[in-house]
Amino acid sequence: MKVCIVGGGSSGWMTATTFRKKLDYEVTLIESPNVPISGVGESTLQHFQRWIDFVGIREDEDEFIKETSGTIKHAIKFTNFLEKNSGSFYYPFGLSPKDPNGWWSEQLRTGRLHHNEYAQNINHVALIAARGKVDLNSDYAYHFDAIKYGQFLKRKYCQKVEHIRANVVNYVTKDRTNFYSLVLDDGSEVEADLFIDCTGFAAKLIGEFVEEPFVSFDHVLFNDSAWTTHIPYKDKAKELTSVTECTAIENGWVWNIPLWDNVGTGYVYSSKHISKEDAKQQFINHIGTDEVEFKHIPMRIGRHENTWVSNVVAIGLSAGFVEPLESNGLIMVHDNLIKLAKTLRRGPASQLLKEMYNADVRRDFDQTADFIAIHYAFTQRKDTPYWKDCFNRSYDLNQFWHYGMRAYSREMHLSNMYTHPESGFHYVASGMNICPLTEPIHDYVDHVGEWEAAVKQLPTGYEYFTSKYQKE
Ligand SMILES: Cc1cc2nc3c(=O)[nH]c(=O)nc-3n(C[C@H](O)[C@H](O)[C@H](O)COP(=O)(O)OP(=O)(O)OC[C@H]3O[C@@H](n4cnc5c(N)ncnc54)[C@H](O)[C@@H]3O)c2cc1C
């Protein structure tokens with residue numbers, strides 16, 4: 001069997017790696033010589049480990065971290081999403097407590113716990129992150145340079161991949177449904193049994209050729225653009241933390257990702273609320289320098305109705321994108337790759353298997369969009385028209401019920417949503433000072449003193465990396 005992947009961004013090389021390591025396919029990857037890759041996607045989630053184990057590259061972790069300017073991530077830190085100066089709360093990796101309601105009732109009873117301290121009180125990983133420490137025996141993910149990441153995958157796992165530098169300009173069908181070959185700008189054709197669209201927001205195959213309908217998420221999300229750059233460290237020993245920082249500002253939020261070489265940063269904003277140039281100025285004001293190279297990225301927010309049609313599958317930004325809050329882009333790529341590889345394990349997929357795959361991908365995108373929306377829907381900010389609109393808009397409860405509605409109903413507890421171990425919902429809801437309406441099952445048990453003592457023994461991010469991986 002032969003697979004043809006179009007696109008040489010991180011989703012293209014992750015797809016090539018998956019097909020080389022897990023399926024017995026001949027792989028060709030076509031990459032445009034003149035359309036640059038997005039070059040973003042530097043903060044991952046813990047689920048990234050699932051893909052690493054699935055494709056079997058765990059033993060290369062040290063090499064991967066060294067070569068990609070990698071660092072360790074334990075949590076996401078959200079600042080000023082509740083109020084303009086409301087401070088920060090954490091969403092850490094790792095298992096959640098069985099009964100967060102116990103914590104809330106203790107808070108209400110004694111008043112001694114602050115909602116910004118929720119995560120540090122119920123999950124020791126949040127405490128590690130809050131103290132700037134690193135512990136590979138606790139749950140973690142990675143920060144890395146997105147361009148170096150693609151290059152690493154290519155060098156290490158894709159030696160047998162045929163790599164063609166050309167633009168795909170057309171296609172030939174076999175039986176009016178399945179693709180037979182892709183036509184390149186030099187007139188040549190590339191034949192395959194399966195075609196994977198990794199062309200980013202261009203969605204060349206699934207959008208332009210197949211014309212699969214696109215479903216926008218603008219019923220729950222405003223942000224559709226980003227300014228991005230990298231800035232040098234001022235004080236690396238302090239700034240190299242184990243968190244991705246997300247700071248809400250006038251018309252969206254700014255990410256801060258500590259890599260080994262520098263800090264990745266970007267302003268995600270709503271073009272309905274501010275012009276491109278004014279947004280750039282707000283970003284410059286926030287990071288405090290204009291002496292760096294800036295890149296502007298318009299984002300296509302939504303998903304295709306089906307991402308597997310006939311013998312074309314879209315993976316990565318071509319399939320859909322929610323917006324980068326909660327680092328949800330790459331998780332969608334590797335989750336879909338795991339699903340795809342499992343589906344193809346016994347040979348070509350029947351129509352039913354494709355429909356099951358499509359239903360699963362749709363649900364993942366839609367639930368992620370709802371989850372991201374709660375960060376705006378639960379705000380109390382009204383200091384700019386953008387935040388007023390986030391506060392006042394309707395979030396379409398039909399779509400939003402997975403997360404939003406449960407915050408105000410008893411269902412939240414009964415359905416287990418609030419305590420579901422894999423759901424980060426309770427970290428965000430609690431950080432936004434949303435109080436569950438149900439009574440606790442167990443009393444709150446305070447472990448913080450114990451955890452603080454253990455965390456004190458751990459190295460900081462900077463200490464860990466200078467001793468284990470990198471030399472200054
Ligand atoms: C602003 C922003 C921030 C993000 N931050 C995060 C994050 O922190 N964490 C996270 O998990 N995810 C994040 N993401 C998502 C993440 O960046 C993407 O999931 C990831 O980069 C995959 O991109 P891609 O490979 O699909 O597309 P791209 O990187 O855009 O690559 C597209 C490829 O297709 C090629 N191409 C296009 N047209 C043609 C053609 N006609 N013929 C041949 N080749 C073609 C291009 O040359 C390129 O090689 C972010 C996304 C954005 C937009």
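Before starting, I wrote down that a polar contact is a pair of N or O atoms within 3.5 Å; within protein, one must be able to donate a hydrogen and the other to accept it, and residues adjacent in sequence count only if both atoms are side-chain atoms.

I noted that this is a predicted model, where local features need pLDDT of at least 70, side-chain atom pairs count only at pLDDT 80 or more, and totals for chains, interfaces and linings use all residues. Residues are numbered from 1 along each chain as its sequence is written, and side-chain values use heavy atoms, with hydrogens and water left out.

Entry 1: I found a backbone N or O atom of Val-40 at 3.2 Å from an oxygen atom of the ligand. For Ser-38, a polar backbone atom is 2.9 Å from a ligand oxygen. Ser-11 uses a polar side-chain atom, 2.7 Å from an oxygen atom of the ligand.

**Entry 2: the surroundings.** I counted 32 residues around the ligand (a heavy atom within 4 Å of it). Among the closest are Gly-8, Val-35 and Leu-330. The shell divides into 14 nonpolar, 15 polar and 3 charged residues, with Gly counted as polar.

**Entry 3: the domains.** Which parts does the assignment give? I read domain 1 (2-42 + 145-214 + 301-368) and domain 2 (75-141 + 225-298 + 401-449), with bounds from an automatic or database assignment. Their C-alpha centres lie 31 Å apart. I also saw 14 residues of domain 1 in contact with 20 residues of domain 2 (heavy atoms within 4.5 Å).
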